[in-house]
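Welcome! Please open the structure, turn it around, and keep the sequence at hand while you try the exercises.

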Amino acid sequence: MVEFQSVSDFFRSHQNDIFRFWVYRKVYTPYEQQQAFMDESMFEDSSANYGFVIECVPLGNGDFLVGFQTVADPDEIGVQSYNGPVEYYKLSEIRMGLYQPTTEEE
């Protein structure tokens, strides 16, 4: 097991890795019978987005702002050759994992 002392250390150790990530969208709908709201949050997309983590900014509330440089097809691009847009998400509002490219058996 690998242990990191901070979120920044984690992202620094994976700076050349591609991440898959899904953006979580918060949706609360009225629940009339109990006069309350029901959490019906869901992911914006059922398919993953792909990108490199370019920036990690700590926010004052313990959350982090993560800047992803997105890639359209992670199997055809390298970290050194891509210069796409950077998109920012709160770490608490995404689900993410390391992308493991599929290997073709010969």
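**Before you start**

Remember that this is a predicted model. The mean pLDDT of the chain is 77, and 66% of the residues reach 70 or more.

**Exercise 1. Classify the ring pair of phenylalanine 10 and phenylalanine 11.**

Step 1: A pair of aromatic rings is described by two values, the distance of the centres and the angle of the planes.

Step 2: For phenylalanine 10 and phenylalanine 11, the centres are 5.3 Å apart and the planes make an angle of 65°.

Step 3: Centres within 6.5 Å count as a pair, and planes over 60 degrees apart count as edge-to-face. The pair of phenylalanine 10 and phenylalanine 11 is therefore edge-to-face.

Step 4: Now look at the surroundings. Phenylalanine 11 is buried, at 6% relative accessible area, whereas phenylalanine 10 is partly exposed, at 27%. Ring pairs also link both of them with Phe4 and Phe19 into a cluster. The whole structure holds eight aromatic pairs.

**Exercise 2. Find the salt bridge and describe where its two residues lie.**

Step 1: The count of salt bridges is one. Its partners are the side chains of aspartate 9 and arginine 12, with 2.8 Å from N to O.

Step 2: Check the accessibility. Aspartate 9 is partly exposed, at 30%, and arginine 12 is exposed, at 51%.

**Exercise 3. Trace the partners of strand 5 (residues 49–58).**

Step 1: Begin with strand 1 (residues 19–25), which runs antiparallel to strand 5 and is joined to it by three bridges. Arginine 20 has tyrosine 50 of strand 5 as its bridge partner.

Step 2: Go on to strand 6 (residues 64–71), also antiparallel to strand 5, with eight bridges between the two.

Step 3: Inspect the hairpin of strand 5 and strand 6. Five residues lie between the strands, and glycine 62 has a positive phi near 90°.

**Exercise 4. Which element has the lowest mean pLDDT, and which has the highest?**

Step 1: Strand 4 (residues 42–43) has the lowest value, 54.

Step 2: Strand 7 (residues 86–90) has the highest, 90.

Notes:
Residues are numbered from 1 along each chain as its sequence is written. This is a predicted model: local features need pLDDT of at least 70, side-chain atom pairs count only at pLDDT 80 or more; totals for chains, interfaces and linings use all residues. Side-chain values use heavy atoms; hydrogens and water are left out. Rings of Phe, Tyr and Trp (its six-membered ring) pair if their centres lie within 6.5 Å; planes under 30 degrees apart count as stacked, over 60 as edge-to-face and the rest as tilted. Buried means under 20% relative accessible area, exposed over 50%, partly exposed in between (1.4 Å probe, protein chains only). Two strands pair if DSSP finds at least two bridges between them. Helices (H or I, at least four residues) and strands (E, at least two) are DSSP runs, numbered from the N terminus. pLDDT is the predictor's confidence in each residue, from 0 to 100. A salt bridge is a side-chain nitrogen of Lys or Arg within 4 Å of a carboxyl oxygen of Asp or Glu.
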